[in-house]
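Okay, thanks for coming, everyone. Let me put the model up and we'll walk through a few spots.

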Amino acid sequence: MDRGDSITLTSGQTKTKAKVVTVNQMQVFEPEMYFAWFYEGSLWTTYLGGALMVFVLLAGVMFPLWPPTFRLGVSYLSMGMLGLVGLFFVIGILRLIFWLITIVVAPPGIWIFPQLFADVGFVSAISIAERTLS
C-alpha cells in the first residue's frame, strides 16, 4: 500500500484527518512499507451455490428418470413460457403495424406500449410509467 497526503473529511460538524491509501501493483516486502489484508468474508454462500448448481445439473441430466407427472408438468411449463414469448412477439408486431398506420393518418404516430422491450426491471418500469402519466 502507498500512503499519500493527508486530507480533511467533513461530515456535518465533525472534521477528520485521513490519509489517502492506494494499492501498489508492484509489491515489495520491506519493513517500512504498508500492508493491507483484504478479507472476503464467509464462503458459505459460495459453497451453497456450488452445491445447488450440482443438484440442478444432476436433476436436469436425470430428466428421463423423473416420474411421468413431473415430466408432464415440465412440458406444460415450457409450453406456457413458449406461449408467453410468442405473445410478446405478436404484441410487438401488432404495435408496429398500429404505429405505421397512425404515422400516415396522424403524424407523428401513436406508439402503444413504449416500454415493452425496454431493458429495465419491473420496479423501474413502474416508476417510468408513473413519471409519464404525471
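Quick word on terms: helices here are DSSP runs of H or I with at least four residues, strands are runs of E with at least two, and both are numbered from the N terminus. Also, this is a predicted model, where local features need pLDDT of at least 70 and side-chain atom pairs count only at pLDDT 80 or more, while totals for chains, interfaces and linings use all residues. Residues are numbered from 1 along each chain as its sequence is written, and side-chain values use heavy atoms, leaving out hydrogens and water.

So, Thr102 first. You'll find Thr102 in helix α2, residues 68-105. Buried or exposed, this Thr102? Thr102 counts as buried because its relative accessibility is 9%; the cut-offs are under 20% for buried, over 50% for exposed and partly exposed in between, with a 1.4 Å probe and protein chains only. Leaving aside residues up to four places away in sequence, Thr102 touches Pro107, Gly109 and Ile110, where contact means heavy atoms within 4.5 Å. And at Ile110, the Thr102 side chain gets to the backbone nitrogen at 2.9 Å.

Now over to the strands. β1 (residues 2-11) and β2 (residues 14-22) pair antiparallel over eight bridges; pairing takes at least two DSSP bridges. Ser6, for instance, has Lys19 in β2 as its bridge partner. The two strands make a hairpin with two residues between them, and Gly12 in the turn has a positive phi of about 70°.

Last stop, Phe55, in helix α1, residues 44-61. Phe55 counts as exposed because its relative accessibility is 59%. From Phe55 to Thr14 is 41 residues in sequence and 53 Å in space, C-alpha to C-alpha.

Technical notes
A polar contact is a pair of N or O atoms within 3.5 Å; within protein, one must be able to donate a hydrogen and the other to accept it, and residues adjacent in sequence count only if both atoms are side-chain atoms.
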